[in-house]
Amino acid sequence: MSGWHHRHILDLAAFSREDYAAVLELAERFRSLPVTGARKLPALQGRLVATLFFEPSTRTRSSFELAAKRLSADVQSFSPSSSSLSKGESVLDTARTYVAMGAEVLVVRHRSTGVPQQLAEDLESAGERAVVLNGGDGLHSHPSQGLLDLHTLARHFAPQYPMPEALQGRRIVLVGDILHSRVARSNLWALTACGADVVLCGPPSLLPDAFSEFVAEPPPGQSVDPVPKRGSVRVERRLERALPGADAVMTLRLQKERMTQQLLTGLERYHRDYGLSHERLSLCGQPVPVLHPGPVNRGVEMTGALLDDPSICQVEEQVRNGVPIRMALLYLMAAAESASEAALVSISS
Ligand code: NCD
């Protein structure tokens with residue numbers, strides 16, 4: 001953990017393999033500690049975490065708030081409909097208001113790409129110490145979701161030692177609306193960094209060919225990739241060709257609200273071509289876990305029967321795993337913000 005150098009957490013493209021290991025290792029430690037009642041961890045006592053969600057959220061926001069509370073932080077949450085946004089206050093000014101109240105970590109979600117980054121730059125140039133954690137921006141990035149998915153897969157493949165190497169050489173199939181998914185983009189960075197080979201599967205309207213090159217260049221804003229050798233990425237149009245040999249399948253929500261044109265000819269057709277079912281999964285040739293970040297369109301991305309089968313479907317496990325992952329992120333950020341890990345209470349006891 002001493003090598004942790006990210007002040008803000010905006011995009012997994014900037015993460016090295018050691019960064020993933022640091023987060024997974026801390027999450028493992030947090031999940032095995034008692035975290036309720038009087039035995040809450042005191043690590044962030046007296047510190048204020050603000051969750052600024054300018055876009056709807058069920059899981060991510062509550063999970064961050066629970067994670068912050070389990071570390072004994074104070075939590076302030078913001079909801080756009082009842083705020084001064086409706087009076088025309090800008091996003092940056094809104095965030096500055098929470099900083100003025102003493103918020104040290106801002107978890108920010110916005111429908112537009114780049115808002116958390118812009119806010120981080122604004123705080124830096126104003127000389128503020130507060131740090132920004134991206135809770136999902138536009139189509140761009142959703143780092144905490146990418147990390148909790150990685151945690152879920154690592155725990156599935158190597159329950160005794162769920163570290164990044166558990167993903168090495170695994171074939172992970174991502175199905176569906178890749179184009180509109182910030183979750184898919186964050187997973188592409190995380191999975192390939194850990195040596196997984198990713199197969200992307202969907203129709204051209206939801207999965208342009210260019211996605212096969214997604215991790216080929218150094219990540220945006222960096223001259224060299226922090227990961228020396230990534231796993232491969234390939235595009236496969238037909239599910240019947242993508243599934244054989246898969247070690248895990250992740251399917252993504254059809255993001256109807258983000259579709260700017262009539263990209264789909266119909267949900268029934270989509271389900272027929274790309275919907276997951278018990279029968280379809282038998283093509284993998286072995287039992288595989290199915291992940292979905294939620295919310296799920298029941299009967300579209302997967303059948304109701306599959307969604308309700310916890311021996312395969314990891315949706316609830318992903319939600320559970322989100323809390324220790326977000327505890328790890330908040331802990332690391334608060335340590336970076338105070339520029340000294342000694343400022344935080346030891347969690348090793
Ligand atoms: C995702 C999101 O908001 O990007 N959900 C989530 O955070 N669990 C995916 C989605 O909305 O489909």
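This is a predicted model: local features need pLDDT of at least 70, side-chain atom pairs count only at pLDDT 80 or more; totals for chains, interfaces and linings use all residues.
Residues are numbered from 1 along each chain as its sequence is written, and side-chain values use heavy atoms, without hydrogens and water.

**Exercise 1.** Describe the largest pocket and its lining.

Solution. 
- Start with the term. A pocket is an open set of points on a 1 Å grid over the protein atoms alone, where a 1.4 Å probe fits, with protein on both sides within 12 Å along at least five of seven lines. Lining residues have an atom within 4 Å of a point.
- Take the volume, the space filled by probe spheres set on the points. The largest pocket holds about 330 Å³.
- Find the centre. Of its 21 lining residues, Arg 109, Arg 182, Arg 253, Gly 294 and Pro 295 are the closest to it.
- Helices are DSSP runs of H or I with at least four residues.
- Check the domains. At least three lining residues come from each of domain 1 (12-141 + 319-348) and domain 2 (143-314).

**Exercise 2.** Describe the second largest pocket.

Solution. 
- Its volume is about 290 Å³.
- It has 17 lining residues, and the closest to its centre are Leu 10, Asp 11, Ala 14, Gln 117 and Pro 220.
- Again, domain 1 and domain 2 each supply at least three lining residues.

**Exercise 3.** Work out the strand order of the open sheet.

Solution. 
- Strands are DSSP runs of E with at least two residues. Two strands pair if DSSP finds at least two bridges between them.
- The five strands run β7-β6-β5-β8-β9, with parallel pairing.
- β7 (233-236) and β9 (290-291) are the edges, each pairing on one side only.
- Look inside the sheet. β5 (171-176) and β8 (248-252) share five bridges. Val 175 has Thr 251 of β8 as its bridge partner.

**Exercise 4.** Find which residues surround the ligand, and pick out side-chain contacts.

Solution. 
- Among the surrounding residues are Arg 59, Thr 60, Arg 109, His 142, Arg 182 and Arg 253.
- A ligand oxygen lies 2.9 Å from a side-chain N or O atom of Thr 60.
- For Arg 182 the distance is 2.7 Å.
- For Arg 253 it is 2.6 Å.

Key: Domain bounds come from an automatic or database domain assignment. A residue is near a molecule or strand if one of its heavy atoms lies within 4 Å of it. A polar contact is a pair of N or O atoms within 3.5 Å; within protein, one must be able to donate a hydrogen and the other to accept it, and residues adjacent in sequence count only if both atoms are side-chain atoms.
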